[in-house]
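Biologist: I would like to learn how to read a few features of a fold from its coordinates. Could we go through them one at a time?

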Amino acid sequence: MASKPGILTEWPWTWLGNFKYVVLAPFVAHSIHSFFLSKDEKQKDIVKFIIFPFLLSRMIHNQIWISISRYRTAKGDNRIVDKSIEFDQVDRERNWDDQIIFNGLLFYYGYMKLEQSHHIPFWRTDGIILTALIHIGPVEFLYYWLHRSLHHHFLYSRYHSHHHSSIVTEPITSVIHPFAEHVAYFALFAIPMLTAVLTGTASIVALGGYITYIDFMNNLGHCNFELIPKWIFSVFPPLKYLMYTPSYHSLHHTQFRTNYSLFMPMYDHIYNTLDKSSDTLYEKSLERVGESPDVVHLTHLTTAESIYHLRLGFASLASEPHTSKWYFPVMWPITLWSTMFTWFYGHAFIVERNIFKNLKLQTWIVPKYRVQYFMPWQRESISNLMEKAIKEADQKGVKVLTLGLLNQELLNMNGEQYIKRNPELKVKLVDGSSLAVAVVLNSIPKGTTQVVLGGHLSKVAYFIALALCKDGIQVITLCENDYNMLKARLTPEAATNLATSISYTSKTWLVGDGLSEEQQLKAPKGTLFIPFSQFPPRKARKDCFYFHTPAMIAPKHLENVDSCENWLPRRVMSAWRIAGILHALEGWSEHECGDKMFDIEKAYKASLDHGFRPLTLTSATESKA
């Protein structure tokens with residue numbers, strides 16, 4: 001929002017929320033009906049019919065830019081601005097598709113009012129040339145002066161400051177403006193299109209190509225990584241006046257009073273508003289090589305829909321905890337394609353970069369879904385992918401690599417097999433079990449004398465049971481087999497506080513994967529379920545409370561946080577991921593994997609010392625089923 005919002009700031013359909021697309025429904029329905037069902041041949045016009053598919057193609061085009069930009073800026077090669085992007089920017093830019101809806105309404109309206117737009121040919125060379133010349137001349141010139149006027153304090157504070165709230169730009173930043181600004185911009189861009197239509201030289205390629213050119217150049221100028229090669233300007237030197245680069249427009253967002261041109265810098269040259277550091281920043285960005293991280297968190301995909309929640313997916317979904325959306329079933333072709341892609345793609349890839357004090361952090365994804373980890377014939381492939389990622393991290397000089405989700409004990413004894421197979425590894429493998437145990441223990445309400453332990457037993461579960469029994473807290477198991485397995489690993493003194501039962505009065509349940517609905521129904525009303533597993537339990541009770549999986553609230557000096565870690569709330573990190581950061585900060589030189597458990601109290605104290613805060617029972621209440 002601008003600092004002093006002016007009139008026509010909000011979009012007319014803002015109040016519709018996620019149902020804003022209904023404003024297009026009557027026009028889309030009519031175009032489909034007239035094209036397929038109308039008996040009047042004049043009504044069967046491909047021009048009107050393809051408006052809606054064209055709008056969809058624009059959304060896909062923009063999303064491709066978003067994904068590529070986020071991947072490239074996370075990787076670091078050719079990145080222009082290093083400042084971080086936070087959740088407030090993501091929230092501010094989540095309505096980037098409003099301008100596409102607006103354009104769609106104007107296209108349908110223009111079609112209805114201008115008979116010359118009916119049944120236009122696919123291609124007309126004269127119309128394409130005319131459109132290009134009018135853009136180079138009047139449009140670029142008028143935009144330059146409109147843009148300069150928007151930087152006058154009166155208009156800037158009421159409108160354009162909203163766009164400039166994003167100093168570090170993403171492709172979609174290009175279309176984040178108040179409604180009134182978009183009206184002005186469309187009036188400019190309509191000049192070439194209306195001229196072509198009214199002179200009878202319009203074609204589908206001229207109109208569609210012009211809008212696609214605008215989208216492409218807008219995304220290019222705001223992507224925050226330099227990709228225009230130097231040789232292009234060497235081969236054709238005048239091009240520097242006809243095409244800007246990402247670094248060129250980035251300077252406008254950091255300096256504010258230079259580089260006003262739309263896509264063609266010639267007017268900045270003519271009116272002496274060219275930033276003197278444009279060439280220097282361009283060359284510097286082209287030469288920049290991404291820095292190696294200090295800590296890598298190696299995780300994987302969860303459900304088929306989790307691709308949309310990745311930071312490289314839909315920015316608005318990535319900024320919220322994982323939830324299923326009503327429109328996911330409609331997107332099944334994309335979901336199916338991405339699922340098939342994971343069967344063949346053989347390399348972990350980066351999805352996020354963060355800064356913690358002086359540490360450079362990255363998150364890498366193994367391109368496999370949760371279900372694939374339980375397929376025996378997939379295990380060797382996944383293990384090889386992980387080993388390749390660990391070796392790559394070691395070659396890059398990574399200090400610590402943490403194993404997330406099922407990359408732990410399901411396949412590799414919490415990473416121990418990789419150390420045995422590669423004794424020369426310098427990177428420290430950390431499964432984070434010690435901090436996970438500490439977080440669970442500190443989530444148990446004060447004064448608790450008895451807990452129920454359920455779900456599949458893990459390394460974390462064993463050490464939780466040991467710590468509780470040593471402290472004199474009784475641990476009740478849900479089955480005889482779990483009781484026997486735990487008892488075999490506890491000291492005789494600690495085992496006196498271990499028991500099994502078929503009825504339960506304790507309202508504190510520590511639960512892992514595999515906790516069934518039937519077992520949850522045995523808990524008394526008001527029970528607090530505290531997971532010790534990587535994955536949250538399925539919520540079967542509305543009269544109970546479900547705590548988050550082991551995690552802590554990140555301090556403010558964790559930078560560039562604009563996405564959520566799976567199902568966790570904003571700025572909350574899993575204990576397993578935090579453990580790697582602590583390992584690097586404290587300079588701990590040993591691995592934490594296999595049966596090895598780091599000092600639990602020492603790990604928890606270090607997390608507090610570095611600013612991480614425990615989640616409270618209030619957080620658990622907010623997660624009530």
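Modeller: What follows is a walk through a sheet, a helix pair and some single residues.

Modeller: This is a predicted model, in which local features need pLDDT of at least 70 and side-chain atom pairs count only at pLDDT 80 or more, while totals for chains, interfaces and linings use all residues. Residues are numbered from 1 along each chain as its sequence is written, and side-chain values use heavy atoms, with hydrogens and water left out.

Biologist: In what order do the six strands of the open sheet lie, and which are the edge strands?

Modeller: Strands (E, at least two residues) and helices (H or I, at least four) are DSSP runs numbered from the N terminus, and two strands pair if DSSP finds at least two bridges between them. Here the order is β8-β7-β6-β9-β10-β11, with parallel pairing. The edge strands, each pairing on one side only, are β8 (498–500) and β11 (545–546). Helix α22 (residues 480–489) packs on this sheet and touches β6, β7 and β8, where contact means heavy atoms within 4.5 Å. The direction of α22 makes about 165° with that of β8; axes are lines fitted to C-alpha atoms, for helices over the stretch in contact, and angles run from 0 to 180 degrees between N-to-C directions.

Biologist: How many bridges join β6 to β7, and how many join β6 to β9?

Modeller: In a regular strand the side chains alternate between the two faces of the sheet. Strand β6 (residues 450–454) pairs in the parallel sense with β7 (residues 474–477) over four bridges, and leucine 453 stands opposite threonine 477 of β7. With β9 (residues 508–511), β6 pairs in the parallel sense over three bridges, and there valine 452 stands opposite tryptophan 509.

Biologist: How do α5 and α8 cross?

Modeller: Two packed helices are described by the angle between their axes and the distance between the axes. The axes of α5 (residues 98–113) and α8 (residues 179–198) come within 11 Å and cross at roughly 50°. The two helices are therefore oblique to each other, given that angles under 35 degrees count as roughly parallel, over 145 as roughly antiparallel, 65 to 115 as roughly perpendicular and the rest as oblique. The contact includes Phe102 and Leu106 of α5, and His182 and Phe186 of α8.

Biologist: What is the phi of histidine 119, and where is the residue placed?

Modeller: Most residues other than glycine have a negative phi. Histidine 119 has a positive phi near 50°; it lies in the loop between α5 and α6 (125–150) and, at 44% relative accessibility, counts as partly exposed. Asparagine 566 likewise has a positive phi, about 55°, but at 15% relative accessibility asparagine 566 counts as buried.

Key:
Buried < 20%, exposed > 50% of the residue type's maximum accessible area, 1.4 Å probe, protein only.
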